[in-house]
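Got your viewer open and your selection tool ready? Let's take a walk through this one, stop by stop.

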Amino acid sequence: MRQAIVDETAGVTRDRHYGKCEWCGREFSVVDTGGYTSNSDDVFEDAIRRQVVIAIEEADLILFMCEAATGITDYDAEIADLLRRSKKPVVLCVNKVDSGEKMYDAYDFYALGLGEIWSISAANGSGTGDLLDEIVKNLPEDDAAEDDHADLPHIAIVGRPNVGKSSLTNALLGEERNIVTPVAGTTRDSISTYYNKFGHEFMIVDTAGMRKRGKVTEDLEFYSVLRAMRTIEHSDVCILMIDANLGMEAQDMNIFNIIQKNRKGCVIVVNKWDLFEKESNTMRDYTEALKARLAPFNDIPIIFTSVINKQRILDVLDAAAHVAGNMARKIPTSQLNDAMLPEIENYPPPAWKGKYIKIKYVTQLPTRTPQFAFFCNLPQWVKDPYKRFLENKLREHFDFEGCPIQVYTRAKKH
């Protein structure tokens, strides 16, 4: 899929792109940054350079891309020096090696002193399999197995700066400190804290200890999204906090999209509700506008709070625990078929080129998140609109509030 604009002109990538990649059973996130420059008067390039530095500091592994035809530029040498000082694992990749002759040009990059070189052609895909093997080999191991509370739901509190994440964490953990025990986090600066209070038991994955460095003040949006990515990946349910007076802004949507891409449960907390000017039906209208913004995935609990006043904080806990239960829900196949087959019979999939699609039965897949397989005679002709219909009917019959649902169509075994 083409997600970023590609052009011969330098400096095209200004916005960051965040994506998921899966290779050999390992899933990891990829952040595409703009090109690094220095001593430039261009306001965009100055901002991009600062964000590249932030990305390096936050990454577990750095993929350093160079271009075979241009050879080692001054910028390449400068970046190589930056990467050596970062002490992070680096995979050096030379792009646009699409012929045997270009392979000789790639050898020049050994002079950067970053170890083995991986020659690829991103345009036609050659060499990318070996490169992905190397990336997966250098990724840090998942420490989940070492977590004493690995079987408990992990609840993450995410959102933009200054929306009240730290205040909510402190409100939840501030009393009876004896029942709170810090557990080593699975990633740097992501701290998991055991929570057992008010009838709830889970791990709170918190980034309240975010370091405030002078050099990231202008790039708080990029920094907070990177931090959110780390936290989201190591959670089961995310509490996305937004400011009532600002609403769901672009950065909030970025974080929400990352929650969706990672297939995590979600609860939205509208904080600072005490400061919002209210009229009759204000909460209902606000909820409807918010759900319209989140469409099509808008089956999400929305809680209005004032963390400072400790207003409806327990509702947040109840909603997060409810979504965690929904994420783990397993529905017997007989129940699924009793509910879904009549719905399919009343509204069958549209015929395709004169052929009728017949869905025979449905079953839930043994996965960590709710996923369903519909077995039929022509699975390739069941299109996305009908899959959305099936998802909506699943939500109508069974409680999957706050959970992403994935619907697959598969060929019926004879």
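Which residue forms a salt bridge with glutamate 391? Select arginine 395 and you have the partner: the closest N and O atoms are 3.1 Å apart. Keep in mind as you go that this is a predicted model. Now show helix 11, residues 384–397: glutamate 391 and arginine 395 sit 4 residues apart in this helix, so about one helical turn separates them. Both glutamate 391 and arginine 395 are buried. While you are on salt bridges, pick Asp81, Arg84 and Arg85 as well, which are joined into one network by salt bridges that share partners.

In total, the structure has 14 salt bridges. For another of them, select arginine 263 and glutamate 27, whose closest N and O atoms are 3.4 Å apart. This pair ties together distant parts of the chain, 236 residues apart: arginine 263 is in the loop between helix 7 and strand 11, while glutamate 27 is in strand 2. Arginine 263 is partly exposed, at 26% relative accessible area, and glutamate 27 is partly exposed too, at 40%.

The structure holds 1 cavity of 30 Å³ or more, and the largest cavity has a volume of about 40 Å³. To find this cavity, select its lining: Tyr18, Gly19, Lys20, Ser29, Met229, Ile258, Lys261 and Asn262. Strand 1 (17–23) and helix 7 (250–261) each supply at least two of the lining residues, and strand 1 gives the most, with 3. Sorted by type, the lining has 3 nonpolar, 3 polar and 2 charged residues.

Now head for the surface. Select Met103, Tyr104, Tyr107 and Tyr110, and you are looking at a nonpolar patch of about 460 Å². Tyrosine 110 belongs to the loop between helix 3 and strand 5, and is partly exposed, with a relative accessible area of 41%.

Most residues other than glycine have a negative phi, and most peptide bonds are trans. Lysine 96, in the loop between strand 4 and helix 3, has a positive phi of about 65° although it is not a glycine. Arginine 312 is another non-glycine residue with a positive phi, about 60°, and you will find it in the loop between strand 12 and helix 9. For the peptide bond, zoom in on alanine 295 and proline 296: the bond from one to the other is cis, with omega near 5°. Proline 296 is in the loop between helix 8 and strand 12.

Last stop: helix 9, residues 313–327, where asparagine 326 has its place. Asparagine 326 counts as buried, at 1% relative accessibility.

Notes. Residues numbered from 1 in each chain as written. Predicted model: local features only at pLDDT ≥ 70, side-chain atom pairs only at ≥ 80, totals over all residues. Heavy atoms only, no water. 1 Å grid on protein atoms, 1.4 Å probe; cavity = no way out; pocket = protein on both sides within 12 Å on 5 of 7 lines; lining within 4 Å. Points joined across faces, edges and corners; volume = space filled by probe spheres on them. Nonpolar A, V, L, I, M, F, W, Y, C, P; charged D, E, K, R; others polar. Patch = residues over 30% accessible without salt bridge, like charges linked within 9 Å, V, L, I, M, F, W, Y side chains within 5 Å. Areas by Shrake-Rupley, 256 points an atom, 1.4 Å probe, with all protein chains shown as cover. Salt bridge = Lys/Arg side-chain N within 4 Å of Asp/Glu carboxyl O. Buried < 20%, exposed > 50% of the residue type's maximum accessible area, 1.4 Å probe, protein only.
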